[in-house]
Amino acid sequence: MTDTMTAHPVIKGWCPGALRPMASGDGLVVRVRPRLALLTPEQAAGLADLAQVHGTGILQLTNRANLQVRGVTETQLAGLQEGLVALGLLDPVLDPQAEARLNIIVAPGWSGQDTPALWTALRDALTATDAPRLPGKFGFALDVSGQPCLRDDSADIRIERAGGGIVVRADGSPHGRSATATQAVDLAMRMARWFAASGGIGSDGRGRMRDHLARGAVLPPSLAADTAPDPAGARPAMIGFDFGLIEPAVLHHLVQNAGGNLHLTPWRGVHLPGTPDLATLRADPAFLLDHADPRHRLFACTGAPGCPQAIGPTRDLARTLGLLPPPGKTLHISGCAKGCAHPGPADLTLTWTATGIAVIPDGRAADPAPRIVAPGSLAATLKEWTHATPL
Ligand code: SF4
């Protein structure tokens with residue numbers, strides 16, 4: 001619990017897993033990291049059933065392209081884990097530390113062999129007994145399917161395209177080291193080891209590559225950048241969900257009309273690389289198919305009462321007040337200064353504090369607030385951000 005607004009939420013510095021869930025106000029959060037961020041129809045349907053039986057029934061998409069089962073009790077956990085193993089969504093030989101290192105986001109819509117081969121090599125390297133010990137949030141972006149589309153997403157080491165080849169890039173550096181597909185993962189691991197050995201990890205166990213480079217760390221000649229990656233491309237089309245939450249029945253309906261596999265995106269959505277029945281999906285209001293839908297740009301964490309650190313409600317606040325971002329803008333509502341739902345800056349952030357709601361333009365949840373308003377006067381303060389204003 002925070003004692004003041006931008007004061008000091010509990011920063012855990014790690015993400016939940018299926019083997020090491022995180023306690024939240026609504027029970028355990030069990031994070032599933034599917035191979036290649038891909039669910040087969042059978043896996044997706046099975047996961048929907050598991051969430052129904054072993055949790056509150058709510059599945060949550062994360063900005064790491066994972067899915068979380070929420071509201072799991074201690075007594076339900078073993079049954080859920082067994083179900084995940086049976087679906088091929090949890091490797092039974094992993095230990096929790098190795099599972100936690102599997103922070104790999106994958107460009108949705110990939111095809112061909114490079115992405116699966118690189119993912120498998122990365123998985124093997126990160127779960128090996130000699131894998132570098134990295135901070136809990138340290139992650140990799142596998143972005144080799146056409147032009148990079150993960151540039152704005154959290155990762156510390158990026159594997160991208162450069163011309164017809166591959167480049168391994170430390171996040172924060174505009175250029176990377178060229179490599180062949182067979183060299184890329186070894187290069188990425190050497191970069192990760194250099195990060196740890198050169199002081200990238202603080203005394204609190206946390207650290208990010210971008211911050212390390214910004215403090216003046218310089219890659220050694222054998223890892224130094226020599227190539228510019230390809231320019232960023234467009235994100236592939238996806239289906240979104242209100243606040244990234246999916247109910248089991250909605251997931252079943254999606255599976256029935258997806259026409260193939262589901263690629264989880266780091267943008268709280270699902271890309272369908274098969275032949276989906278879009279007319280049927282479009283008729284279901286649970287699916288956000290329109291790229292311009294403002295709900296794609298509305299971010300809110302669990303908030304109160306689900307999160308023990310929350311000072312106030314978030315999603316219910318948005319629903320009650322009809323808060324939606326105007327065209328092209330992002331709106332982030334955070335239950336405390338930690339800013340879980342949207343770690344980067346938003347056009348407008350509302351952060352619950354002990355003294356009211358901080359209204360922060362162009363900033364993050366923990367940034368200083370030019371004004372703090374009482375919850376009761378928020379709607380009047382934010383007229384231009386409410387549903388009452390034509391979008
Ligand atoms: S940002 Fe939201 S979900 Fe994260 S700790 Fe604060 S209240 Fe909880």
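Where does P305 lie, in terms of the loop and the elements on either side of it?

## Backbone features and basis of the model

P305 lies in the loop that runs between β15 (298-300) and α9, where helices (H or I, at least four residues) and strands (E, at least two) are DSSP runs numbered from the N terminus. The peptide bond that leads from A304 into P305 is cis, with omega near 5°. This is a predicted model, in which local features need pLDDT of at least 70 and side-chain atom pairs count only at pLDDT 80 or more, while totals for chains, interfaces and linings use all residues. Residues are numbered from 1 along each chain as its sequence is written, and side-chain values use heavy atoms, with hydrogens and water left out.

Phi of L36 is near 60°, a positive value in a residue other than glycine, and L36 is placed in the loop between β2 and β3 (38-39). L36 counts as buried at 2% relative accessibility, where buried means under 20% relative accessible area, exposed over 50%, and partly exposed in between, with a 1.4 Å probe and protein chains only. D362, in strand β18 (residues 356-363), also has a positive phi for a residue other than glycine, near 50°, but D362 is exposed, with a relative accessible area of 62%.

The protein is divided into domain 1 (22-93 + 237-291), domain 2 (110-214) and domain 3 (295-385), with bounds that come from an automatic or database domain assignment. The C-alpha centres of domain 2 and domain 3 lie 32 Å apart.

The second largest pocket has a volume of about 460 Å³. Of the 23 residues that line this pocket, the closest to its centre are I58, D242, L245, R315 and R319. On a 1 Å grid over the protein atoms alone, a pocket is an open set of points with protein on both sides within 12 Å along at least five of seven lines, a cavity is a set where a 1.4 Å probe fits but cannot get out, and lining residues have an atom within 4 Å of a point. Grid points are joined across faces, edges and corners, and a volume is the space filled by probe spheres set on the points. Because domain 1 and domain 3 both give residues to the lining of the second largest pocket, this pocket lies between them. β12 (245-246) and α9 (315-321) each supply at least two residues of that lining, and α9 gives the most, with three. By class, the lining of the second largest pocket has eleven nonpolar, four polar and eight charged residues, where Ala, Val, Leu, Ile, Met, Phe, Trp, Tyr, Cys and Pro count as nonpolar, Asp, Glu, Lys and Arg as charged, and the others, Gly among them, as polar.

## The enclosed cavity

A search of the whole structure finds one cavity of 30 Å³ or more, and the largest cavity has a volume of about 40 Å³. Its lining is made up of C15, P16, G17, R20, R33, P96, E99 and A100, which divide into four nonpolar, one polar and three charged residues.

Helix α4 (residues 114-127) has 14 residues and reaches 20 Å from its first C-alpha to its last, close to the 20 Å expected at 1.5 Å a residue, the expected span being 1.5 Å times one less than the number of residues. The buried residues of α4 are T115, P116, L118, W119, L122, A125 and L126, and they pack against α3 (96-100), β6 (104-106), β7 (140-143), β8 (157-162), β9 (165-170) and α5 (184-197), contact meaning heavy atoms within 4.5 Å.

For α5, the end C-alpha atoms are 20 Å apart, in agreement with the 20 Å that its 14 residues should span at 1.5 Å a residue. The buried residues of α5 include W194 and F195, and the buried set packs against α4, β7, β8, β9, β10 (177-179) and α6 (209-214). α5 is followed by G199, whose phi is positive, near 95°.

L262, found in strand β13 (residues 262-264), is buried, with a relative accessible area of 1%. Leaving aside neighbours within four places in sequence, L262 is in contact with A37, L38, L39, A44, L251, L254, V270, H271 and L272.

G27 lies in strand β2 (residues 27-32) and is partly exposed, with a relative accessible area of 23%. Not counting residues up to four places away in sequence, G27 touches M22, G71 and V72.
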